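Dear colleague,

A summary of the findings follows it.

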Amino acid sequence: MANHYLHKDVSLPIWTTFELLSLGEFGHFVSCLNQNCKADISKSLEYDFLMIQMP
């Protein structure tokens, strides 16, 4: 699907990014986010981010 958008020379929808990244690359991307950004994402997904925090 990402190739469809790339060949048409238009902006990629955010969901097509997951066709271009491996799970490991995505995990690395998320690990680089600051705590506030991670918390905002977890709130939008209705996931309790504080439960997974390590001391």
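This is a predicted model: local features need pLDDT of at least 70, side-chain atom pairs count only at pLDDT 80 or more; totals for chains, interfaces and linings use all residues.

Residues are numbered from 1 along each chain as its sequence is written, and side-chain values use heavy atoms, with hydrogens and water left out.

The chain has a mean pLDDT (the predictor's confidence in each residue, from 0 to 100) of 78, and 75% of its residues reach 70 or more. Confidence is lowest in helix α1 (residues 2–7), with a mean of 67, and highest in helix α3 (residues 23–32), at 90.

Four helices and zero strands make up the secondary structure, in the order α-α-α-α from the N terminus. Both kinds of element are DSSP runs numbered from the N terminus: helices are H or I of at least four residues, and strands are E of at least two.

Of the 55 residues in the chain, 13% are buried. Buried here means under 20% relative accessible area, exposed over 50%, and partly exposed in between (1.4 Å probe, protein chains only). The chain exposes about 4900 Å², of which carbon and sulfur atoms supply 62%; accessible areas come from the Shrake-Rupley method with a 1.4 Å probe, and for residues only the protein chains shown count as cover.

I41, L45 and Y47 form a nonpolar surface patch of about 320 Å². Such a patch joins nonpolar side chains (Val, Leu, Ile, Met, Phe, Trp, Tyr) within 5 Å, and like charges within 9 Å, from residues with over 30% relative accessible area and no salt bridge (a side-chain nitrogen of Lys or Arg within 4 Å of a carboxyl oxygen of Asp or Glu). L45 lies in the segment after α4 (35–44) and is exposed, at a relative accessible area of 62%.

The whole structure contains zero disulfides (pairs of cysteine sulfur atoms within 2.5 Å). C32 is exposed at 54% relative accessibility, and C37 is partly exposed at 29%.

In α4, the buried residues are K38, A39 and S42. They lie on the same side of α4, because they cover an arc (taken from the directions from the helix axis to the C-beta atoms) of only 100° around the axis. The face turned away from that buried side carries the exposed residues N36, K43 and S44.

With kind regards
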